[in-house]
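Hi everyone, thanks for coming. Have a look at the picture first.

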Amino acid sequence: MPALSFLDILKFVLMASLCPHIFILCNAGKRVVFMGDDTWDSLFPKHFQQSFPFPSFNVKDLHTVDNGILKHLYPSMKRKDWDIIIAHFLGVDHCGHRYGPDHPAMAEKLTQMDQVIRSVARLIENDTLLVVFGDHGMTDTGDHGGESQKETDAALFLYTPSMLVSTEQGLAEPMVVPQIDLTPTLALLLGIPIPYSSIGKVMVQLIPSGDLFDHNAQELQQAEALFVNAKQVNRFLETYSLVAKHLPQETLDHLQDMYLKATKNYIMLRDAFATHSPLNSQELKKLISDFHVYLVSVQEMCKVSWAQFHSLQIIVGIIVLVGSCVVCFIVSEFASIVESSYKELLFLAVFTGAFASGTVAIFQFFWLEFEAFSVLGTFTVVAQVAFLWKFNHLKNSNRYFLNRAVNIINTALKGELQMTSPLIVFMVFLLRCASLFSDSYIVAEEQVVSFLLSSLGLFILVHLTWYGNLLHSFIDGFKTTNPGMSSQQMAFVKDKKTMHVLVACVALLMFSLCLSHVFHGCRDEQVICTPSLFLAPLCTLQDVQLRNIHYVLSVCSLLTSYYLVRRWLCYYGNFNSHSLAVFVARFELPLLVVCICLFWAVSSTPEESFVNWQQFIRLASSVFPRVAFVLFCLGIAAVFWNPLTVFVKPKVLSEEGPITQSYRASGCVSPQAELQHLIPHIYQCMRRSYQVPKEEGESLKDEYYQPTVEAFGLGTVYSAPMLLILVLFQLLLALLHPEGLALSFLLMLLEAFAILQIHSKTSSLYRCRLYSDKFSVPWCVVLMWALASTQFFYATGHLPTFPSIQWNAAFIGFSEGHSNQVLPALLVLLNTFSSCILLAVSCPLLLFWPLICEPSNTAKSGSKLGELKSDNIPVMEMKLRDNPEYFSRALLQLMARYLFIHGAQLLASVCAAAILKRHLMVWKVFAPKLLFEASGFLVTSLFVIISLILIMRVDVCLTRWVKQLIPVDSR
Amino acid sequence: MKDIEIKGMVSAHAIIAITILLATLAPTLFVGNYSVYGTHLVWLYSCCSAVAAVNIALYALLGVSPTPKRHTLSYKVTKLFRSFMYFGFSCLIFHGIVVLYGAPLIESALETFSFAVLLSTFTTLRCICMLGPNVQAWIRVFSKNGAMSIWDTSLQITTLCSVIGAWFGAFPIPLDWDRPWQVWPVSCTLGATFGFVMGLLVAPSWIYWYRKHLTYKSK
């Protein structure tokens, strides 16, 4: 059993409750000696006469448990004060998890096990039975927990020195028996009653009889065993069907008939045998087969009916989800109403919800059984209804809001209709949701999502061309060759550049989508599929050269992503201030990168190559990641504490002239960029927003001599900390993944960049022509963002199946194991939902990016025209501060849209699981998909809120900073 | 005037549609074991060549394509050369897009390229026939108010329909029905062909329906 695998523990428990396994025997007064996995000891404390538990938590530890067992096994066997010895070897399982089945370490382990079996078989005596069995098999990657044949098939080996089966009826080929059959068989062999709730069928071949060559006697013996077994099963079934009403009555009656008939026949035959009359062997055979059929039918029936569904809960769940989606949609579309009266809405909703749920809780407490589910359900449903009612009320009663809302909706609709016809976007979204209803499309979800994403990208291009926004000036430019029309030519040049950028971005998007398929994993259902080479940890790679190449690639991709962000920050002048956030960017991020690289280097060295360094390597492989975790936490805290990346430079007048001096002030800012982003412009705007009197329309030339303060990086004051957080998370998550996936994370960064660029270019193309909407982010882009998050779930090697969860993530930095369950669960969660986390955290960038990219358009065209008026000054994100109500509205809208898309996907997969609950694939495909989708949605919501908190924090800090600044100004 | 043009278009489109039908059936006479799925490439090439030949012949006869400005041989040769070049380019671009969409890169490269050729035949070749090798004219036709005759409108419709058909053709590929037409690129080529034929049928009726609303700028 793999350490920490919650599912396996669950299965274990399930197994214990469904078919009590051998360990129930301990209660039958048998002396049981146990050695091996310490999980047994914690599950059955004080059951064993003697136990030798060994820590099993660490998957990387192949030898502790096995060597411990070997130390105690032979002495215990020789002592002979036992009835049963249980020896649970773990090495093979751990080896499979760590190295896979085709590794030399596995061969070594198997040889060792072989020798153990050999020597034990030699040691045991005639009255002892050696049972060797595994509780599961393994896939080609060495994991298990799924339902493929390779995982569920395990070996069963029985040996005793005395003759067990007569040689003539020896088995021609290996028999397949269900694992639950082991319980009754062992119970009968030990001479104790079969556990009450077992529904296993005894393996009749193993029932010994005095005379191996007397067929009749042997068969009668077998029939007796089956009779005992059937009696026990029947008793269980009778009691069980009284409690659980869901067993089909006809089947029960039928089974009862079968049982009674077979029992009657058996008793008749037994009596006949007792009176030494000749036995009819034909009848005996028929009897045995009757018992077989009975027991197998009981198993079948239980298998079918133990999967139960609570229709009411399903329906309530769907209603709650539909309500949430509707609320999200309303919030996103009527953001202005919601935002202006959110207090009333929230208060009413929460109050009525709490009231209703409180009533239900009290009612249940006194008259019924308390049930948390129904209380929470009531709360949510009532709160949603109250919200909708209040909203409707507000909408109807308040003309002012209505008019405003209608106006806003009209402008937005006009814009959106022009921008991306919502019909197509809606259709793509519908297709995406519909794809969750088919098991084939869920299996191929990676392809489905990237197909739709590429389609959206191409669609934007085609749509722009169709409406002439992309290429119309291209043609105009050709037609009007009038040199006098400079402004039009300007626009033409600008548009041509925008067009090139757009095409390049769509190409980049599709290219990275295509490349991301390299990192895929494989489901059981995909027959022709080999999992990506990058998914295996480096230490499992045999080829040294390949390993080195992979390592270098991973390190390079980490460095590249850091470098890209650093360049971005430099370019926008966010790299000079003395705030903690900049400190993080300057020193902590590189340190983090170094830590991760060193950890990878240490963990990928093969153990056998540096025997003398063993201790050091072990130490390093736990120290480096821990340092990285600490650095990450510090970084997050620092960014939250002091998120402003604005560099303030007091103005010093000198002969050199202000412009040259300001170049020097910020060494890493390119002169061109600085000209654009020189903050006098921004500062001026800022001052305007704080009502410092200033004449409008003043030329910039004067401005250079006016200001007393220059601030750098004010234009990207919101997005710089977002980016920092994004990179911090990216590095942490890359650490939690197999080394090769660092490339995938770089790809994710590039794809997000492509989507952001597409968004900003399209919106700049429209905005300058059509309307000046206030920052609203269109559905199309939000949908792309959400699809990218699903797509990178797959591209980071994850699959919505339980066996594919990367449990190794829990041991990064904690190779010795954990003392509690919280930390490993957190690490595995972070690992599994990395793409959700990254894209949710960076979601607000969708709002900021068009503003950041805007100045390069206006400023350039302006400067060439020679009319650098203050209206043309790039203000970038300070625009948001100038219009705080629009800012908060747009942010609310963006978040609501993002959550709506995720919520609707969740709703679709819930509906799929509910409708197809009798489908063949429901446990294999739909149910796991639903669980992953739901957890992903929770993680997404959480991190969306975290990013909101960060923005609010930036806002607060900015306000404080500006207040500090004003005295400087008035000096 | 318009009615005559629409009738001409109906007959031209009917001829192309019938050609596709014949091109689907004809290879049975020459190739043993012929079936649309089994020997898919044979069908594809026969369809491509037939559509190409009929298109070129039809539009040369109808005189839809712009009249050449000069009649020198070298001019014609350059035009021909450019037409071929554009066709080749469009095949390559379609191939690239299809691969980026997730088609196997190496495994069935020939099939993918043939699919690209088919798409180019349905779209680019018709553009070349009707508008000549002139990218500016193409861009004009494929923008909102750019159509200057009903032929331009029909070009828009058929191109859109073939591309959308190919797009929808990709949908059945992941399904686990194990049908021969789910193999790449059969469903896509069939989808594109179906879309093209639908476009051929839809274009005249759409134009007829909206003939009052369609006003074309003069050339």
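Let's start with a charge: Arg889(A) lies over the face of Tyr886(A), 5.5 Å from the ring centre. "Over" here means that NZ of Lys or CZ of Arg is within 6 Å of the ring centre and within 35 degrees of the ring normal.

Quick housekeeping: this is a predicted model, so local features need pLDDT of at least 70 and side-chain atom pairs pLDDT 80 or more, while totals for chains, interfaces and linings use all residues. Residues are numbered from 1 along each chain as its sequence is written, chains are lettered from A and ligands numbered from 1 in the order written, and side-chain values use heavy atoms, without hydrogens and water.

Now, ring pairs. Rings of Phe, Tyr and Trp (its six-membered ring) pair if their centres lie within 6.5 Å; planes under 30 degrees apart are stacked, over 60 edge-to-face, the rest tilted. How many aromatic pairs does that give over all chains? The count is 40.

Take Phe632(A) and Phe729(A): their centres are 5.2 Å apart and their planes at 75°, so they're edge-to-face. Phe632(A) is in helix α23 and Phe729(A) in helix α28, 97 residues apart. (Helices are DSSP runs of H or I, at least four residues; strands are E, at least two; both are numbered from the N terminus.) Phe632(A) is buried at 10% relative accessibility, and Phe729(A) is buried at 8%. Buried means under 20% relative accessible area, exposed over 50%, partly exposed in between, with a 1.4 Å probe and protein chains only.

Finally, ring pairs link Phe451(A), Tyr101(B), Trp167(B), Phe168(B) and Phe171(B) into a cluster.
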